[in-house]
Amino acid sequence: MDVSSLLDQLNKPQRQAVSAGMYPILVLAGAGSGKTRVLVHRIAWLLQVEHVSPYSILAVTFTNKAASEMRGRISDLLQQPPNGLWVGTFHGIAHRLLRAHWQDARLPQHFQIIDSDDQLRILRRLMKLLALDKDKWPPRKAQSYINSRKDEGIRPESIEPKGDFYITQMVKIYTAYENACQKSGVIDFAEMLLRSLELLRDNTALLHHYQHRFQHILIDEFQDTNTLQYAWLRLLAGHYNNVFAVGDDDQSIYGWRGAKIENIQQFTEHFGDTETIRLEQNYRSSGNILDAANALIKNNTGRLGKKLWTADQAGHLVDLYKAYNESDEARYIIARIERAKESGKNYADIAILYRSNAQSRIFEMIFAEKGIAYRVYGGLRFFDRAEIKDTLSYLRLASNRHDDPSFERVVNLPTRGIGAKTVEHIREYARAHNISLWHSAKVIIDAAILPPRASNAVRGFLKLLDDMSTHIHTLALHEQVDYVIETTLLKAHYKKKERGEKGEARIDNLNELVSAAEGFRYDPEDLHENMDFLSAFLAYAVLESGESQASHGDDCVQMMTLHAAKGLEFPLVFLSGLEENLFPHRMSLNDTARLEEERRLCYVGITRAREQLVISYAEQRRIHGSVQYNLASQFIHEIPDVLLNEIRPSVAAYRLQQPVRRTAHRIARSLGDGHQNGRFTKGQRVSHIQFGEGTISDLEGAGNYARAQVNFDREGRKWLVLRYAKLKKI
DNA sequence: CCCAAGGTATTTTTT
DNA sequence: ATACCTTGGG
């Protein structure tokens, strides 16, 4: 391919980025500015102009979807698949490294990946073992503690509790958890990255090999990297330092799960001689929408700075609808969707975005009422379903019998007379001898420790596993899956246990799993990486269980959270629920950094719209069962009035049907605004029969739903429903 | 072993 | 409101 044609299709800064020299480059790519295009063209440039071997290029993304999109677009541009080129997610690449070097990574050859669900199960069990009261020590807290430490690259050995009891406990749990995983030959998501970082760090020869191999490293969505991923990149890029990072600090919305916006903000400092290129021309949204986005994001501090512009028309103003309540909001939006459909838009071109998942409900109800097709993104994914995970657990045991989490999951599923007591015996023995549950069960049977009935049941289970592994080897993957579903009686179990729709859905899913196995092809690049077909499928199931992001299919209205909307675009976008306490979320109101992340989230939302953006908020909204009265979001006020078209609500009939609520609304509002509620005010000292004395720190709701948040001297903060709490003023 | 009742928490989510 | 989980009884 000739050089000019590669650059011809690009604008000036894009060209500059694609054809930049061999040094660290940061591309600040605004929303809709063609960042994937730049990445793909950069790779083509390296291959065709710089004559870099595909073998020495590594491209890293966060999601499987982004990775496959990139792969597809590279193939399209080159008109052939780029063999030898590594394109994958952080986890996918780490996984590949670990498979290739399992011994150096101190892993069993058939190690398995566990998801956060499995992780939590393990922790629950371990914490029970450590005799920790689960009310005082919630396993979820331990889980997030462990994951956060791993994301920071910290092992338990290097944590110094310094007398802090809480940290001492967490370290104890972290250590026990690590041992348990190691013993079972399983690794969690964060472990995958940490383990591969350590693999490289501790093996000079390996490190040099990969540092020399990957002369060019490209990263997408750089603003989302966490400490560990960043360290991993720096280590791997350490020799050539040819890092090509693409990202947008204004779209960093994953700080709450460890992403460090500082990584992009400090790129220049960390990598020394770098070049920063800004892609500011937007090819997506019309002028007014962009102006609104720019005006909003201007309120954030510490930005790297960037101003989107478009050659496009100003287009429509941003519509703003002030709804009476959430139902009014939903009806208005859906009425507009119907109108848009009539004037020729497809449902699939329309998205409703919201801050939290619970907001989708009211829309769903009205869509159902009107018979309009819709799709909600971000539900339970296929491979996360219980019946699928049950089946996979059997398959995992067939592949690695020491996989304790899987053993625990299916040892008595379907019920086969192995009760809690028996399992406890097996666990006890396993613990005492530091062996896996499967091994323990085997020994226990031979030693005839258990009562005969339990013993027989366990023997039956072990035999099932044995038969399974011997039979399975001669079968094709989908036959293996089918074999397991049938011989373990899982299918029969679901058929019997859950009659009706739910059970049928489960059976369908099991059949679907067989089809998935049948259609499963694995990357030939993995063939030599110590992977058999089954292992590859199991890894795929955990690692790429995805498809929770939008894909257009049937013509239906798209509904999703703002987080799920990142990277997507729609001609018509409804941004709903712009109220204080909801968006920005109440949890983020008191912290500047978090508030700024909410603002970036809003920025992401606005920039999803191509032609028309409609923002809405409700004066009152039912949240957690009680009515709240929120002010319009501060973000609305940050958009200049000249860009907004405020829509006068028509006095709809249903409004008039609810005069009682309206009165209640007025009363509550007058009370709520003064931060008082009936007899109580903020700051009032009160006493409670059970919790003792405290100070009221917040009030909300009205009538029977009125609640007060009380900061108790002994018990801490609690929300109490005034009607029941019987608080006494002091 | 299963079911019902009661208690509790309820932002965002990929791998 | 509601979904999820725990716990207690049959």
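1. Confidence. This is a predicted model. Chain A has an average pLDDT of 86, and 87% of the residues score at least 70.

2. Over residues 653-678, pLDDT stays under 50. The model still gives this stretch 35 contacts beyond four places in sequence. Residues 701-705 also stay under 50, with eleven such contacts. Where pLDDT is low, the predicted coordinates should not be read in detail.

3. Around the DNA. DNA strand B is surrounded by 24 residues. The closest are N64, R355, N357, T561 and R594. The residues of the surface near DNA strand B comprise 14 polar, six nonpolar and four charged.

4. Polar contacts to the DNA. Start with the phosphates. A polar side-chain atom of T561 is 2.6 Å from a phosphate oxygen of DNA strand B.

5. Helix 21. This helix runs over residues 452-472, 21 residues in number. From first C-alpha to last it reaches 30 Å, close to the 30 Å expected. Its buried residues include A454, V458, F461, L465, M468 and I472. An α-helix has 3.6 residues a turn, so residues three or four places apart point the same way.

6. What covers helix 21. The cover over its buried residues includes helix 17 (386-399), helix 18 (404-410) and helix 19 (420-433). Helix 20 (437-447) and helix 22 (477-487) also contribute.

Technical notes:
Residues are numbered from 1 along each chain as its sequence is written. Chains are lettered from A and ligands numbered from 1 in the order in which they are written. This is a predicted model: local features need pLDDT of at least 70, side-chain atom pairs count only at pLDDT 80 or more; totals for chains, interfaces and linings use all residues. Side-chain values use heavy atoms; hydrogens and water are left out. A residue is near a molecule or strand if one of its heavy atoms lies within 4 Å of it. A polar contact is a pair of N or O atoms within 3.5 Å; within protein, one must be able to donate a hydrogen and the other to accept it, and residues adjacent in sequence count only if both atoms are side-chain atoms. Ala, Val, Leu, Ile, Met, Phe, Trp, Tyr, Cys and Pro count as nonpolar, Asp, Glu, Lys and Arg as charged, and the others, Gly among them, as polar. pLDDT is the predictor's confidence in each residue, from 0 to 100. Contact means heavy atoms within 4.5 Å. Helices (H or I, at least four residues) and strands (E, at least two) are DSSP runs, numbered from the N terminus. The expected span of a helix is 1.5 Å times one less than its number of residues. Buried means under 20% relative accessible area, exposed over 50%, partly exposed in between (1.4 Å probe, protein chains only).
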